[in-house]
Every structure is written in C-alpha cells, then in structure tokens.
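Dear colleague,

My notes on it follow directly after.

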Amino acid sequence: MDMKNAENANYTQKDHEINITKIEGVEILPSKKAMEKYEWTQEYFKGEPKEGYFIWIKEQIDFPVTTCMSIASKSVSQNLQNLIIIEKGLKVKLQGMCNSIKKDLCGGHTASGKIILKENAVLEYNHFHTWGKEDIVNTDYEFILEKNSKLIYNYKIHSTPKKMKLNAEIICLENSSAKIKIIGDCENTDLEINDNITLKGKNSSGILKLRLVGKENAKILSRSRITTEAECKGHLDCQGLPIHKTAEMILIPELVCKDNQSQITHEASIGKISEEELNYLKTRGLNESEAIELIVNGFLED
Amino acid sequence: MVLEIRDLKVKSGEKDILKGINLKINQGETHALFGPNASGKSTLVQTLAGNPRYEVTGGKILFNGVDITKLPTEERIKMGLAITWQNPPTIKGVKLSKLLDKISKRDLKPEELEVNSGILNRNINQNFSGGEKKISELLQVISLNPKLVIFDEIDSGLDIKKLEKVSKIIKKELIDKNVSVLVITHNGEILNFLKPKIINVLVDGKIICEETDYGKVLKTIKEYGYEKCRKCELHAERP
C-alpha cells in the first residue's frame, strides 16, 4: 500500500487524530466507542481501550478494507487496541499500514488486537510496517480461526525501528487453516519475534514462514512455535540471511506435539549470500550491490 | 578482433590450470572449443567472466582491443561479453522475467523465439528441467545484446530435438546478426547445426589444435580420443 492509498484508508490515525470512511456492510468505530455500543466486545478488550479500531465486516465486500496508523509528530506514543471480526462465510481482504512519516520522530507504537474469523470465513491480510530509526514498537496480535475458516497473513517489516517486539498467536479450530508469513528487512534494530500457531481442531493446518534479513547492527531473536492438539498438520519454515558482519540472529523453531495423530515438520537455516549466486548475477551485468539487492528481495519474497 | 587471449596462465588455489592459452576470435566468427574432462574449459570460461576464484598469473585478455584481464565481471559484460553457465544456480524468489527486465538491452519477445514463456514467471532455475535451464540462459544472454557469447556446454543433457531448437535460436538471434560465438562442447553434436569456422582443442591447459574442418576433428576425437590430439596427428597418416 503506498501513501496515496494510505490517505484513502477506511480507518486512519495520524498521531492521535482519527478519520473514518464508511463502507456499506462494514462497521468501523474507534474501539472505545465500540465497547460502549456493544457490551459483548468487553471479552475481547483488555480493560477500556484508549485508542484503536473496531472493524466488523458483516457483509461481503469486493475491495480491501484498509487501515493506516501513522506517527507524524515528535515523541508521540500510540496505544492501540484493535478488534476485527469477519462474519461467517465472508471472503475478505484487509490491508494495514503502520508507519512513521519521518525517520527521527522517536515515536512509540503499542498495538494489541484480536482478529476473529467466524465459521467458513476467509481473510487475506497484508500488514506493512515502515518505521523510523528511533521508534519503539510493540505489537501483540491474536487470531482465532473458527471452524472451516482460512487465514493468509503477510506481515512485512520494510524498515525496522530501534526496538521492536512482535507477538502473534494464531489459534486454529476444526478444519481451519492458517498461512502466516513474517518478513523483516532489519537494520539498526533490536527485533524480537514470538509467533505461535496452535492447531486445536481436527484437520486444521498451519504454515509459518519467516524470512529475516540482517543488515548492519541488526539483532534478531525469533521464537516460532507450532503446537498440535488434535489430528492436524503444521509446518515451520524459518530462514535468516545475515548480510552484514554486525548482524546477529537467533532463530528458535519449536515443535510441540500433544496429539500423536498430528504431523509437524520444520526447516530452518541461517546462511550468508551464496557467492555462486552473486557471481552468476554479475555475469548478467549487475554490480555487487545490485546483485545483493536482487537476492535479498528474492529471499524475502520466496 | 573481438577477443584475443595472449599466453593466458591461470591457477585456482595452488594448482596451475591454464598454461598459456592463445585464442583469437574476429567479429561474427563462430568458434568451438573441445576438451576432455579437467582440461581447463570451465576455468577458461570463468576466467573470461572475471570470477575472482581464478587467479591470472600471466598473459592478457583483450576484448575489442581493450585489456580486460583485471576488469570486474560486470564491466566485461557491459562491454559486450556474455556467458552462459553450464550449471546455473537457483535464485530463490526472483522471477526470470524480473531479471530479464533488469538486464535487457533489447526488446526480446520469448514467443518470437518459439520458447515456452511459462518459465518467465518462475523463480530463476528453481525446478527448471535441463532444457528449461538452457533456454533461460539463452534468453538472458540474447537480451544483453552482446558482441561475443561464450556457451559453456549449452548442449549438455539435451535431446536431439531440443539441441536443434537451441541451435536455431543461437543461429537466428546471434550468428546471423554478426555476433561472435565461442561454443564449448563435450560431444560436438551442436557443431553440426552451428558450423563453426574454427575448432580448437584444449588439453592439459593448452590449446593444442586449431582446425577449420570441424567434421574431421570430431571424427578423430570420436575414433581415437584426445590422445591423437595430444600427438597432433590429425594430418598424419592414420595407422
């Protein structure tokens, strides 16, 4: 999502200023108002939300619902609680953008949220993060996938803040499936990722893919776990590509089996750029930095 | 003259591999280079490409009269040198079309070359068949609009139909357009399609034979092996 689209988002928050565009069949409210209007939302919020959005998709829509949370002023601290509900049988696309408009705003962005896919719902959610080098970011999301629902979640960190913590918990009930991909282009950052898929329901499935590039002064700690609690299938795929000598990476893949009819597999690797690939691209006329850029972008997209 | 190699000596690690190579290729000429395993063919290709793993210990490489012996790879390619790889690596997540868009110096429509454009939307060399790899290499070098192309075993692993197809493309897109070509080959079948002007035989790091009649050289190698070439008995009376 580019900035032009971001300005036209259905829910925008610039520092603390909110703008909402109405969509037929979708209820969009600030979380605080949603809690006042719908008592049942209390079970999803942790106390009274200060900021954040409530998006309730009730009818089929043919375009993506978009959100944009920006830090635009110095030392702003956002504290968001978000709740997204996709009603039964709907196929929906969501695009979320979280960013700092400038590189040196020293902003804070704390976001927690729940995303609930009701039975047979399908959600494709692309979530983009572009931060300034002095920002501090904490995000904590929980996805609940009800029976037969399907989630495709792409979380892309285009530029990392000074410090970032990402927690993601995905709970899959019967026959639901989750495909999660977390991509990080990491530089001058201290990044911690904790992502868990829990396959609770029979015939549920989960794939968790991590692609992390470590550039200058990137310190990355990532714990990824798949837990099976029923007859189901999971796969974990963690790959790290350190391209600078100061990059440090710890990838910890964990497989937890609580049902002997389940199957979990994993692949994990951390490795430098292949010299052969570099030489190959140079024989196509690319210089070293162009070749590295192409390989890194390919790695992140794979 | 497009390429002139003068007394080129190359080592890899501690081992001397090329021991004084001399080769001249004029604009528009097609040459072939034969040689047994470990004769130095791939070393020659990688040295011409500027691969830093190979150390030039003597001699010169001139490209269009310019000494490129110490130039980095990408500079050589920009000057018009192009090279296909015998075993090209996989580049994960990078579609062939993306690379072609990035490097292309001419408007190349794969369908005009009668090649399956399906490979364009796949990651470079990932799960490509042997034939698809060769087509991918061909598309890349043609798109560079080169002055000289070095084909490193472009014919290996191809059946006769695919070999004919690859040869037709090389002829139509390069040879007929006055591009110089150096074909490095093991079995020589491709030469029946490309009809090189000069055939060179590389043995033990040296070119020991330079002939114009490729049929004669092929026949000699097939019948008597490279031992005959070592003794340079091509013109001698057969036993």
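In this predicted model, chain A carries an open sheet of nine strands with mixed pairing, in the order E3-E4-E6-E8-E10-E12-E14-E16-E18. Its edge strands are E3 (26-30) and E18 (248-257) of chain A, each of which pairs on one side only. On average, neighbouring strands of the sheet are turned by 5 degrees against each other, direction ignored.

Within chain A, strand E14 (residues 189-199) and strand E16 (residues 218-228) pair in the parallel sense, over eleven bridges. Opposite Asp195(A) stands Ser224(A), a residue of E16(A).

Turning to the contact between the chains, 18 residues come from chain B and 18 residues from chain A. On the side of chain B that touches chain A, helix H2 (73-79), strand E7 (91-95) and helix H3 (96-103) of chain B each supply at least two residues. By class, that side of chain B comprises eleven nonpolar, four polar and three charged residues.

Helix H4 (residues 130-143) of chain B deserves a separate note. Its 14 residues reach 20 Å from the first C-alpha to the last, close to the 20 Å expected at 1.5 Å a residue. H4(B) is mostly covered, with eleven of its 14 residues buried; among them are Lys133(B), Ile135(B), Leu138(B) and Ile142(B). The packing partners of the buried residues of H4(B) are strand E6 (81-84), H3, strand E8 (123-124), strand E9 (148-152) and helix H5 (160-173) of chain B. After H4(B) comes Asn145(B), which has a positive phi near 55 degrees.

With kind regards

Note on methods: Residues are numbered from 1 along each chain as its sequence is written. Chains are lettered from A and ligands numbered from 1 in the order in which they are written. This is a predicted model: local features need pLDDT of at least 70, side-chain atom pairs count only at pLDDT 80 or more; totals for chains, interfaces and linings use all residues. Two strands pair if DSSP finds at least two bridges between them. Helices (H or I, at least four residues) and strands (E, at least two) are DSSP runs, numbered from the N terminus. Axes are lines fitted to C-alpha atoms, for helices over the stretch in contact, and angles run from 0 to 180 degrees between N-to-C directions. Two residues are in contact if their C-beta atoms, placed from the backbone, lie within 7 Å. Ala, Val, Leu, Ile, Met, Phe, Trp, Tyr, Cys and Pro count as nonpolar, Asp, Glu, Lys and Arg as charged, and the others, Gly among them, as polar. The expected span of a helix is 1.5 Å times one less than its number of residues. A residue is buried if 20 or more other C-beta atoms lie within 10 Å of its own, exposed if 12 or fewer, and partly exposed in between; C-beta atoms are placed from the backbone.
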